[in-house]
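Here is a briefing on one protein model. Look over the sequence and the fold first, then read the points below.

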Amino acid sequence: MMHLLLPLVPFLGTALCAQPSAPTPIAAPLRELPWAQLNFLHTTDIHGWWGGHLQEPSYSADWGDYISFAKHLHDKADADGSDLLLVDTGDRIEGNAIYDSSKPRGKFTYEIAKEQRIDLICSGNHELYKKTSSDGEFYHTVPDFKGNYIASNLDIYNPKTGKLQPLAPLYKKFTTKNQGIRILAFGFIFDFTMNANNTVIHKVADTMKEDWFQEVLQERDVDLILVFGHVDIRSVEYATIFSTIRGLQPFTPIQFFGGHSHIRDYKRFDSKSVALESGRYMETLGFMSIDGLSSGGTKKQVAVSQTPKLTFSRRYIDNNLFSLHHHSNKDGNSFPTKHGLNVSGQIDEARKSLGLSKRYGCAPHDLWVNRRPYPHKESIFSWLEEQVFPQSVAQSSRIVDGGKAIVITNTGGIRFDIFKGSFTKDTTFLVSPFTSGLRYIKDVPYKAASRVIKLLNNEGPIADMMSEQNAYLQPAEQIAAKYRPQMYSHLGQDSFVHDLHAQSPISAQHDRLFPGYTTRDDAGEDGDDTLHSEIQFYNVPNCIQASVGFDAKKDTPENVDLIYNEFIEKWVILALEYLDEKYGEEDTHAYLDGKSFTDIMTDWVKEHWDFVNAANPHKPTMPPKTISKGRTLQEPSFARTTVQALTSSDNRPIITAIGMFAIGVTFLHSSWAEILLPA
Ligand SMILES: *[C@@H]1O[C@H](CO)[C@@H](O)[C@H](O)[C@H]1NC(C)=O
Ligand SMILES: *[C@@H]1O[C@H](CO)[C@@H](O)[C@H](O)[C@H]1NC(C)=O
């Protein structure tokens with residue numbers, strides 16, 4: 001099943017369909033798509049990254065490219081009589097300036113999203129934090145995907161009538177186009193509790209007992225039950241759904257698609273039931289296929305019965321043109337469709353109209369959310385704690401007048417890494433898309449204030465309450481790790497040291513691979529389409545804390561202002577109560593007139609990292625090209641990989657494959673041509 005191929009990059013300089021400023025993807029060995037009778041493409045947790053990743057070549061394709069890709073795979077399905085369905089499991093909004101910096105928020109997102117033909121779509125929790133965004137689903141996404149948007153456990157107060165109703169149909173029964181496979185589909189959200197009060201989420205366990213659910217599952221003319229949702233595939237919620245359905249339908253295959261925890265994962269429930277989760281931020285296009293299903297047949301296709309053994313296969317596609325061209329068997333000229341190009345154009349126009357490449361400063365080095373331990377000089381949280389918070393808050397009048405403060409924020413408010421190089425308006429919203437600002441309580445006894453962080457971070461009554469309410473304060477990837485402790489790296493392993501992890505069978509090239517996803521799931525270690533070296537992943541706490549106006553190691557002030565991100569207000573007040581300090585919402589005040597954390601960070605960057613405009617005596621040199629060409633690691637890495645592949649005698653099949661690949665003039669004109677052509 002596994003074919004290795006090392007195509008050269010035949011579209012250097014002609015990659016006109018990704019965003020114009022997107023970096024060129026990097027050649028790497030690829031695994032093929034396991035195409036079958038029924039195939040799926042799955043996206044989840046897009047969080048507004050319609051434009052792809054403009055600083056990371058591995059994920060540089062955009063929503064327009066995905067539209068072209070899906071068109072080619074649909075053509076393939078039509079040609080060979082198989083079927084292809086597209087699924088999206090929510091959290092399409094919040095996390096990228098295309099959504100968060102537009103006015104109104106969502107102005108571009110709904111228009112871009114609806115261009116793709118998605119067969120099954122549902123809501124995530126981010127669509128539900130604010131009334132405006134769930135109303136946005138009601139007014140835009142639900143009608144745009146009429147009949148395909150499913151809400152099995154989610155109701156909304158209709159903004160026109162005020163009446164409570166399901167956001168969308170509770171389930172869907174349909175038949176696939178080419179095979180006539182009869183599918184019964186449900187769309188869920190996990191037991192989320194922090195939604196605005198205009199929506200009502202039915203707990204999954206309660207939904208299992210509702211009459212409609214029990215009745216629908218009496219249906220016998222079903223070839224496949226499909227459960228998709230904004231739910232971690234290893235969660236209690238999915239375990240409950242699996243056991244309930246399996247109880248009522250002992251022999252029917254069940255395919256799950258999940259999301260929310262921002263990782264790639266694949267779980268086997270039993271021999272007829274599996275689950276796929278497909279990452280985050282448009283980094284991954286999940287591919288899933290099933291062989292051996294029964295079908296009711298179509299005019300062209302006779303009905304078949306289920307085979308004794310079903311075959312489920314999965315592949316996680318890195319979302320870049322190198323992968324997409326390969327899997328669709330197209331090249332730079334034949335890949336982009338008119339429709340795809342138009343959508344890429346719309347995204348580009350949206351980005352331009354929002355001024356996203358406006359530069360605020362220059363990051364002197366990388367700062368990571370999970371790839372470094374905390375504390376660490378390259379941890380984004382250490383940077384906030386030691387620099388951004390103290391230096392920003394020190395300028396407030398209460399500190400200038402001699403006051404002291406503690407600042408607490410949750411790590412989940414930080415969504416993405418900062419790469420060395422240009423820090424733009426785009427970067428700001430990737431790192432901190434949320435509108436929440438800082439609030440404070442005046443003159444809290446230091447004895448209590450200094451203990452709040454422990455209660456927010458450690459096991460104990462407050463932490464227990466958070467987990468009961470599914471209220472997580474850490475980045476989603478950390479929540480995933482709670483179910484999957486093997487995700488953590490151990491201290492002492494250096495990032496980008498490649499010899500520790502035998503990820504793939506082609507160990508000869510192993511230490512020449514580019515860092516990226518190296519997924520281990522229930523089917524093994526061969527899920528990723530692209531072979532990568534491993535990236536490190538470390539634990540971070542729920543919350544971090546900075547001291548302002550005093551040194552916490554030496555001084556113990558009597559009182560401090562307790563400043564915190566408004567998102568965690570409820571928990572801060574509960575923690576104080578537990579420490580016998582009673583405060584209510586009425587005792588809290590907006591810090592800096594409610595200036596958002598995003599703006600606080602932006603102003604800090606302008607003041608401290610704008611080496612061009614500021615008269616900074618310690619001006620460091622600006623790191624080389626970033627945005628337009630991707631990170632500087634890539635070219636040498638690519639060249640080394642390729643040279644080694646070409647010169648290794650184990651790689652004869654690969655070399656043959658290169659010969660079959662349309663290399664063309666572009667390659668010969670590329671600056672790497674002389675390195676790559678054998679002397
Ligand atoms: C939601 O909360 C707002 C403000 O607290 C209140 O005015 C409104 O009536 C509530 N809506 C529902 C449906 O409970
Ligand atoms: C996309 O197509 C629409 C409809 O044909 C057209 O109005 C629009 O200008 C096109 N946009 C771009 C960016 O090509």
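The points below go from the overall fold to single residues.

This is a predicted model. The protein has 679 residues, and 50% of them count as buried. Its secondary structure comes to 22 helices and 23 strands. Among contacts with a separation of 6 or more, 79% join residues 24 or more positions apart.

**Nonpolar cores**

- The largest nonpolar core has 159 residues.
- The residues with the most contacts inside this core are Val 227, Ile 380, Val 407, Val 452, Leu 562, Ile 563 and Val 572.
- Domain 1 (38-353) and domain 2 (359-480 + 538-608) both give residues to this core, so the core lies between them.
- Another core, of five residues, lies apart from the largest one. Its members include Ile 263, Ala 476, Ala 480 and Ala 481.
- Val 572 touches Ile 408, Val 452 and Tyr 564, leaving out residues up to four places away in sequence.

- Strand E9 covers residues 224-230, and seven of its seven residues are buried.
- In a regular strand the side chains alternate between the two faces of the sheet.
- Leu 224, Leu 226, Phe 228 and His 230 point one way from E9. Ile 225, Val 227 and Gly 229 point the other way. Both sets are buried.
- Strand E7 (residues 182-189) runs parallel to E9, and seven bridges join the two. Ile 189 stands opposite His 230 in this pairing.
- Strand E10 (residues 254-258) also pairs with E9 in the parallel sense, over four bridges. Here Leu 226 has Gln 255 as its bridge partner.

**Strand E22 and its partners**

- Six of the seven residues of E22 are buried, so this strand is largely enclosed by the rest of the structure.
- E16 and E22 run parallel and are joined by four bridges. Ala 405 is bridged to Asp 561 in E22.
- Strand E18 (residues 438-445) pairs with E22 in the antiparallel sense, over six bridges. Ile 441 has Leu 562 of E22 as its bridge partner.

- An α-helix has 3.6 residues a turn, so residues three or four places apart point the same way.
- Helix H10 spans residues 380-393. Its buried residues are Ile 380, Phe 381, Trp 383, Leu 384, Val 388, Phe 389, Ser 392 and Val 393.
- These buried residues of H10 pack against helix H11 (397-400), strand E16 (405-410), strand E21 (543-548), strand E22 (559-565) and helix H18 (597-608).
- Helix H17 spans residues 569-578. Trp 571, Val 572, Ile 573, Ala 575 and Leu 576 are its buried residues.
- The cover over the buried residues of H17 includes E16, helix H13 (446-449), helix H14 (452-457), helix H15 (461-468) and E22.

**The loop between H2 and H3**

- Gly 106 sits in the loop between helix H2 (97-100) and helix H3 (109-113).
- Is Gly 106 buried or exposed? Gly 106 has 26 C-beta neighbours inside 10 Å, so it counts as buried.
- Gly 106 touches Ile 93, Tyr 99, Ser 133 and Gly 136, leaving out residues up to four places away in sequence.
- Gly 106 and Thr 132 are 26 residues apart in sequence. Their C-alpha atoms are 9.8 Å apart in space.
- Pro 104 also has its place in the loop between H2 and H3. A cis peptide bond joins Lys 103 and Pro 104, with omega about -10 degrees.

**Other backbone features**

- The peptide bond from Tyr 374 to Pro 375 is cis, with omega near 0 degrees. Pro 375 lies in the loop between strand E15 (359-363) and H10.
- Asn 329 is a residue other than glycine with a positive phi, near 55 degrees. Its loop runs between helix H8 (321-328) and helix H9 (338-353). Asn 329 is exposed, with 10 other C-beta atoms within 10 Å.
- Asp 593 has a positive phi near 55 degrees. Asp 593 is in the loop between strand E23 (588-590) and H18. Asp 593 is exposed, with 7 other C-beta atoms within 10 Å.

**Ligand 2**

- Asn 342, Gly 345, Gln 346 and Glu 349 surround ligand 2.
- This shell around ligand 2 has no nonpolar, three polar and one charged residue.

Definitions and conventions:
Residues numbered from 1 in each chain as written. Chains lettered and ligands numbered in written order. Predicted model: local features only at pLDDT ≥ 70, side-chain atom pairs only at ≥ 80, totals over all residues. Core = buried A, V, L, I, M, F, W, Y, C linked by C-beta atoms within 7 Å. Buried ≥ 20, exposed ≤ 12 C-beta atoms within 10 Å, placed from the backbone. Domains from an automatic or database assignment. Contact = placed C-beta atoms within 7 Å. Near = placed C-beta within 6 Å. Nonpolar A, V, L, I, M, F, W, Y, C, P; charged D, E, K, R; others polar. Pairing = 2+ DSSP bridges.
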